[in-house]
Amino acid sequence: MKLNHFTDFSMRVLMYLDQKKETPLSSLDELAAAFKISRNHLIKVVQFLSANQLIHTKRGKNGGIIISDKAREIPLGDLIHLLEQDDSPVVNCNSKPCVFQSQNCKLKSLFNTAYLAFLESLNKSKLSDLEFNNWNAMFQTT
């Protein structure tokens with residue numbers, strides 16, 4: 001299963017925000033620098049995460065981005081499914097019409113079963129299970 005870039009960037013942001021204990025607020029510029037990701041990509045990610053109440057954002061001098069309790073509590077499988085924004089992310093027989101679709105093809109069914117098992121497996125964990133031992137060293141600037 002290959003996750004899309006949006007899911008990858010979203011997970012990085014959530015993991016980063018979840019690890020920030022001493023100074024929980026972050027800015028878009030801080031996230032862009034930490035991950036070496038375009039600020040424009042992160043704007044889309046942050047808007048989606050905020051719209052789905054996975055983060056809280058506050059504008060202004062004392063503003064920033066902070067993780068929500070919802071993001072900390074949601075099982076990872078449910079989180080990944082939400083971020084992927086697709087009910088059948090592995091095979092979509094309708095995106096480009098498939099000649100096998102009318103022939104009772106079982107490929108989509110097999111992939112969907114595997115995808116559900118993938119999510120079920122991830123649902124045994126939450127963001128807090130992804131903690132790093134060397135967190136502070138990972139983002140130190142030299």
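## Burial and the predicted model

Buried here means under 20% relative accessible area. Asp18 has a relative accessibility of 2%, so Asp18 counts as buried. The model is predicted.

## Helix H1

Helix H1 covers residues 5–19. Its 15 residues should span 21 Å at 1.5 Å a residue. The end C-alpha atoms are 21 Å apart, which agrees with that expectation.

Asn4 makes a contact at the start of H1. A side-chain oxygen of Asn4 comes to within 3.0 Å of the backbone nitrogen of Phe6. The buried residues of the helix include Phe9, Met11, Val13, Leu14 and Leu17.

## Tyr16

Tyr16 sits in helix H1. Its relative accessibility is 8%, so Tyr16 counts as buried. The Tyr16 side chain makes a polar contact with the side chain of Glu30, at 2.6 Å.

Val91 lies 75 residues from Tyr16 in sequence. In space, the two C-alpha atoms are 31 Å apart.

Side chains of opposite charge can pair when their charged atoms come close. The structure holds five salt bridges. One of them joins Asp8 and Arg12, with the closest N and O atoms 2.9 Å apart.

Asp8 and Arg12 are four residues apart in helix H1, so about one helical turn separates them. Asp8 is partly exposed, at 29% relative accessibility. Arg12 is also partly exposed, with a relative accessible area of 30%.

## Salt bridges between helices

Which residue does Asp18 meet in a salt bridge? The partner is Arg72, and the N to O distance is 2.8 Å. Arg72 belongs to helix H4 (residues 69–73) and Asp18 to helix H1, so this pair ties together parts that are 54 residues apart in sequence. Arg72 counts as partly exposed at 28% relative accessibility, whereas Asp18 counts as buried at 2%.

Arg39 and Asp29 form another side-chain salt bridge, at 2.7 Å from N to O. Arg39 lies in helix H3 (residues 39–51) and Asp29 in helix H2 (residues 28–35), so the pair ties together parts that are 10 residues apart in sequence. Arg39 is partly exposed, with a relative accessible area of 40%.

Methods:
Residues numbered from 1 in each chain as written. Predicted model: local features only at pLDDT ≥ 70, side-chain atom pairs only at ≥ 80, totals over all residues. Heavy atoms only, no water. Helix = DSSP H or I, 4+ residues; strand = E, 2+ residues; numbered from the N terminus. Expected span 1.5 Å × (residues − 1). Buried < 20%, exposed > 50% of the residue type's maximum accessible area, 1.4 Å probe, protein only. Polar contact = N/O pair within 3.5 Å; in protein donor to acceptor, adjacent residues only side chain to side chain. Salt bridge = Lys/Arg side-chain N within 4 Å of Asp/Glu carboxyl O.
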